[in-house]
Amino acid sequence: MKIIENIPVEIEKEKVLKSLGYYRKKKSVLSPSIDALIEGEMKKAKGLIKGKGIYIILPVESKSKDKIILKNISLKGKAIARTMAKAKRIALFVGTIGPALEAEVNQLYQKDEYTKATILDTIGSVAADGGAEYLNSIIIEKAKKRSTPRFSPGYGDWDLSIQKRLLEITQAAKIGVTCNEAFFMIPRKSVSAVIGLY
Amino acid sequence: MKHNFLERLKDEIIVFDGAMGTELPPNLGRCPEELNLIHPEVVANVHSSYVEAGADVITANTFGGNRLKLKENGLEDKLEEINTRGIEIAREVTGGKAFVAASVGPTGKLLEPLGEFTFDQFYDVYQEQIKVLAQAGADIIILETMLDIQEAKIALLAVKENCNLPVICSLTFTEEGRMVTGSDPLIAATILEPLKPDVLGANCSLGPKGLMNVMKEFASATSLPLIVRPNAGLPRMVKGKTVYPATPDYMAKYALKFVNLGINIVGSCCGSGPEHTKAIVELVGDREPKERKVIPKTRLASRTKVVFFDKRPIIIGERINPTGKKALQEELRNGRFSLVRGEARKQEGEGARILDINVSGEGIDEARTIRKAVLVIEKMVDLPLSIDSPNPEVIEKALKVVGGKALINSVNGKEESLKVILPLAKRFGAAIIGLTLDEEGIPKTVQKRLRITKKIIDRAVKVGISKEDIFIDTLALTVASQQEQVLESLKALRLIKKELGVKTILGISNISFGLPNRPLLNATFYHLAKTYGLDAAIINPRDAKLKSSSLALKVLKGEDKGAKEYIKAQKGIIEEEIKPKEEADIRAQLSGAIIDGNKEDILRLAEEALKEGLKPLEIIDEILIPAITLVGERYNEGTYFLPQLISSAEVMKLACERLSKEMEKPACRPVCRRGRRGRETLPTQRKIVMATVEGDIHDIGKNIVSLLLSSHGFQVVDLGKDVKKERIIHEAVSQKVDLIGLSALMTTTIGRMKEISDELKRRRINIPTLVGGAVVTSQYAKRIGATYAKDAIEAVKKAKELVKKGIGGSGGKQ
């Protein structure tokens, strides 16, 4: 198990715009006032994001068409079994940008600042995904192996209920990530996933 | 090798080198430019590999060498050294075998209104770096990866005014084919061409395939030589590293396509290396540039829109002008701009293609005010602007913030005017209106007007303004006092256009001064001037829509001497003319505030509307709802995206909250009751309880739906997220709601919706349920007896339908 502190989180404006539907029909116009709001929230977000990650790499003990068995945890589902088919070891990881940004989003909603809140929330999602991407690449770099695509609970037929176990095994609580009974991660702007190494 | 870059450009394809940044080993130095000082050998190696590959031009390692960028790495004290060494290293490696281009990248900061930096601050930053680069002996300056047109403009000015080197201006575009701040290649060419860069084009961003369209647009938009330097395809993350997919062959193949399109300089950008350059040199290095024929055209632009003057006269809205408008004067004196905003939007709606801005008046600080007015208007509409002032200081202040290519209104034949206004126009790349008057006043004859015009054109061309950028105004004089001059001015207009080939323009409204029913005379004069070949009219756009009248025509042609007949016929209309509803079109202002998401003014406007005696329900029903509906339509068709939809709804919600307070007052009740009975089903009194179901803690979608519903007049009881079934049902019943709205995002929580619906059935509570969220489908909704909405707009539509049904049908509540 390894903790990565201070994940550098770069927020790509293009991705923020995309998530906000800017490219949806290819004719959106970015008005200067909205652009200024987005820029402002991106600036604010930088101070609110604290990227952290944690991961553990486990050897694959056995695998079948619809199951990958690791020590203490089995990954069940055809989609994940297919994606991880080549994997000799599997890295389980959790990344988060911390709770500050969503607290601010909630504050903004309280103050009826819906536009800012929505933009900041979107920035949070983009940042969390960027953080996961970074973690992903760090793991591969350190393992010096090739890897399968990233796969998260809830993708395809991989049941979301694995979330709890995944957080336990990675000891995600050490970076402040837990989940509720519906398997939503808390803080919300967190990503859990596995990649296969071969 | 010929030593003059510009000479070679005429008859050779020039090949630029490839990337520097992505060729350098990572984590060496605080930024690539620092390597010029601490590892010059590494930089030299990259250069020399490109020279060996056959590049004609080597780009020095000075891209981020401006003060603002260097400061990020604590290197601002080394600015001179870094830039000078950058040029020297390249120079030593090329040994005369290739040109050395000094690279100048963007500051990484934003100009106002988007950011905090001003024109002058940016200019200083560029000037500082460029002086050093020129001093160090660069052959060419290349401005690259420019993201914002205004910043590109400033950088270009700084080059032109601080050295004599050839300058290339290379911009970056998004996958939409626009710069980050919205300009497409045609707009960019329109704005930058008057500043006379030697080469224009694009680099980085899209990869060769993606840049093809951008370059096609450039090729048809400008006759300037063009440059293209694409990325080696779009980067992907592979094994934690950024990887660019394009092979050397692929890049070379595209280089050939670009050359066939008429591009003069090809190279490559991020992710490419010497092998790419070599392949490009081999395939296109010996070719000659293909000739492109682009007919120069008169055009103006905002950051995001271009206006041509090819066909019917272009309407330039005249109404942002405090002359004779007390309220506007007062507002400008107090530094407020809500009427300016209102006029901008209104004129745009009425067909203005350009807006004239005049803020002169007693007690108004014109220079300061025009600067703000431009910023405010550019936020509001995307039309090009005409800066209306004779004062060079005012014009300069305005042009420093204009994001596009503006029109200066105006210069005239007087020496004092020509001397100061023309250089300003040239400097900022603006077009000009030349008035045919000089030291002797307004000439009475056509020939004299022609002579003054020649003088203006001659002088303008001498300072470097293109003929296409000159409009001539032959001056419409007041028909009431100088009736015979009307046709003279039109004849002069026709002659000038024919003989001198410049565009013509008239300030229309002056014609009718002192006479009744001015709009009719203005309209008639406008239509008459069209037949003389008018290209642009400064006019109230509303007048331009009126038909001409034979009675008014007689006045203009001098057939109705002293306008006696006309005045007689207009009696009765005069009264109305005396107190025109100049400013106070509160309806348009309210509607504009919703459409623009203008939070600042909405409450004040709502108060004003109430004060004017409009009923709250009338305001909501006739003004606000149609406005928010329009916003919804724009969202559906894609011109608005999510933040715009939300900000309009936010403003709407504020207005509705204020107005519903008014409706609770006794005077208003009967109206509401009638609504209750359902003849006119305004949702004003309709209540909906909204919740994200138990376990589900993601509530963005639900919040947006809540906001949209309340902005359409629903009373929303928002229970928040992670809400238990019992609480939802309890609130629904006790608050007597008309509708229940539920959101669920995950497969683990969607089941809660069915539980709620089952419980409602069990307890025979007949309240319709509206459901939505990432995992919810219309089939699922149907199965549990609910109604599905795919997004917030649809949720409003469905909610309205459900409420209607509830009234007509059996929908009694338990």
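Predicted model: local features only at pLDDT ≥ 70, side-chain atom pairs only at ≥ 80, totals over all residues.
Local features require pLDDT of at least 70 and side-chain atom pairs pLDDT 80 or more, whereas totals for chains, interfaces and linings use all residues. Residues are numbered from 1 along each chain as its sequence is written, and side-chain values use heavy atoms, with hydrogens and water left out.

In the interface, 49 residues of chain A contact 45 residues of chain B (heavy atoms within 4.5 Å). The two chains bury about 4100 Å² between them, of which 58% lies on carbon and sulfur atoms; buried area is the accessible area (1.4 Å probe) lost on putting two parts together, summed over both. Tyr114(A), Phe184(A) and Arg188(A) supply 15% of the area that chain A buries against chain B, more than any other three residues.

Three salt bridges are found across the interface (a side-chain nitrogen of Lys or Arg within 4 Å of a carboxyl oxygen of Asp or Glu). Glu116(B) forms a salt bridge with Lys43(A), with the closest N and O atoms 3.3 Å apart.

Within chain B, strand S17 (residues 431-435) runs parallel to strand S18 (residues 470-473), to which four bridges join it; strands are DSSP runs of at least two residues (E), numbered from the N terminus, and pairing requires at least two DSSP bridges. Gly434(B) has Ile472(B) as its bridge partner in S18(B). Ile470(B) and Ile472(B) point one way from S18(B), Phe471(B) and Asp473(B) point the other way, and all are buried (under 20% relative accessible area, 1.4 Å probe, protein chains only).

How values were computed. Chains lettered and ligands numbered in written order. Buried < 20%, exposed > 50% of the residue type's maximum accessible area, 1.4 Å probe, protein only.
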